Amino acid sequence: MDPKPILAPIKERWQALPRSRQVLFTAAAAGLLATVIYLAVLITQPAYAPLFTGLEPKQAGKIAEELKNMKIPYRLEDEGKTISVPEGQVYSTRIQLASKGILADSGAGWELFDRQKFGVTDFEQQVNYQRALQEELRRTITSLDEVEQARVHLVLPRESLFLDNQVEPSASIALKLKGELKPEQVKGIMDLVVGSVQGMKPENVHIIDMEGNVLSDNLALADERAKLARLSMDQYQVRRQYEKELETRIQQMLTKILGPNKAVAMVTADLDFDQRQTTTTTVQPGQTLSQQTITESGSGTGAGGVPGTPSSQPGSTVPALTGGNSQYQKQQTITNYQLGSQQQTLVAAPGTLRRLSVAVVLNGNYSAPQLQQIQDMVSAAVGLQQNRGDQINVSAMPFNTVSQLPLPETAPKPFSNLLKYWPVLLEIGALLVGLLLLLLLLVFYLRRRRRIAMLERPPELVLSDVVPGDESLTEAAHEPEQEPLRIQELREFARHNPAQVAEVLKLWLRE
């Protein structure tokens, strides 16, 4: 079958089109063809899904090599940290890689004890236990979102029967971080290690990052600062609460005496939060433990005098008694007592009041006796003590009441409510502008089509409508060789029938 008769009308219609329409149809056909080809490629190409994410370069290389051997298409994403495969092969590929041991970690945890060997020494068993514990801690630490890699080193000394030879275990952890670890997260890692190793103490756990920053020291410093900050805040709250209590007491008393808004009281208290401990020891008389009495007596004759007298001393000039007897007697008593003692320890509670300062301002004019009377009442109410260094000041002056007047109601700003809905109004306005532009383009397109149709409309159709009975004019209009005759006949027709020609022109203008 010859396709030329079928393509000939299409070719004629294509050549009859204007140049602009030919370009438009060609561009539309090219765009449609490109869209069809793109959709066909998307439909035929399988969708990819992540197989593994957050991989290290070494792990990504092993997995990519194994996927090549398995002839499974894959794509590298996220700078090589993510490997994607066709969506329908994700789970089967993971199972195959896991069965081949590609997904195994760099170290072995408690799997070391799955296959026991005969003849293992105690030293080897201890080393395997340390290796397994380090690997299990590493896996747990790397499960945190902020930790990319981790290295755990444990020092587990052997137990000794002698207390002097015992050594405490210690741990060192090096972290490669994705972001910044919070102090509570570092504290969590320390608690994890302390709870996993027997006898481990928090001060023996050292954590650093890849830049050499000691995170555990920062944690201790942060804890100390937080503790001091909490202590300072608690002390400030206690002092402020005490001051407010005194201010409220003074204010209530002055309000009942002078009336509302007639006085203002401010209190400043200096509290001592230092803790002191005082120990006092009192000696008291006790019971008698022992008592010893020594008695000496004697008698004798001679030229000497009585012992202890001047005549008995060598070189004495006192005349001695001759031919007489001498007697003496001596008694000595020694008593031992058990002294009693009473020891008293006094711990001063923190928050002792050191000094108190009170300021009271009265609204209006008051005499000196009245001010003194109010000062005495306030001093008694708060328990002021002059020997402690407390001070009070009561003064009178008129208050500024301008700020207490009600503010005039401001008139609502115009369009204040519209500002709340400004985003919605903006979207509605953009939509209306788009619809208006689309309507204008549509009207312009219709008018252009109508104008082109009017220009391309053959005049013989109009004449046939106006003069339906005149077949000669219609036949003459279809003959190209009678073009001058047709124009002449049209002129004659317009000359003899001006009303009908005017109706035709009105019809064209109306259209």
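Student: Which residue stands opposite Ile173 in E6?

Tutor: In this predicted model, the residue in E6 that faces Ile173 is Ile207. The strands concerned, E5 (residues 170–177) and E6, are joined by five bridges and run parallel.

Student: In what order do the strands of that open sheet lie?

Tutor: The order is E4-E5-E6, a set of three strands with mixed pairing. Strand E4 (147–155) and strand E6 (205–209) are at the edges; each has a single partner strand, so one side of each lacks a neighbour in the sheet. On average, neighbouring strands here are turned by 15° against each other, direction ignored.

Student: Which helix packs on this sheet and touches E4 and E5?

Tutor: That is helix H5 (residues 122–142), whose direction makes about 155° with that of E4. Helix H6 (residues 183–196) lies across E5 and E6 and runs at about 140° to E6.

Student: In which sense do E12 and E13 pair, and over how many bridges?

Tutor: They pair in the parallel sense, over seven bridges. As one example, Asn363 has Met397 in E13 as its bridge partner.

Student: Where is Ser357 placed, and what does its side chain join?

Tutor: Ser357 belongs to strand E12 (residues 352–363). Its side chain is joined to that of Gln391 by a polar contact of 3.3 Å. Not counting residues up to four places away in sequence, Ser357 touches Met266, Val267, Thr268 and Gln391.

Student: Finally, why does Thr288 count as partly exposed?

Tutor: The term covers relative accessibility between the buried limit of 20% and the exposed limit of 50%. Thr288 has a value of 46%, and therefore counts as partly exposed. This residue lies in strand E9 (residues 288–301). Leaving aside neighbours within four places in sequence, Thr288 is in contact with Thr335, Asn336 and Tyr337.

Student: What distance separates the C-alpha atoms of Thr288 and Leu339?

Tutor: The separation is 9.0 Å, although the two residues are 51 residues apart along the chain.

How values were computed. Residues numbered from 1 in each chain as written. Predicted model: local features only at pLDDT ≥ 70, side-chain atom pairs only at ≥ 80, totals over all residues. Heavy atoms only, no water. Helix = DSSP H or I, 4+ residues; strand = E, 2+ residues; numbered from the N terminus. Polar contact = N/O pair within 3.5 Å; in protein donor to acceptor, adjacent residues only side chain to side chain. Contact = heavy atoms within 4.5 Å. Pairing = 2+ DSSP bridges. Buried < 20%, exposed > 50% of the residue type's maximum accessible area, 1.4 Å probe, protein only. Axes fitted to C-alpha atoms, helices over the stretch in contact; angles between N-to-C directions.
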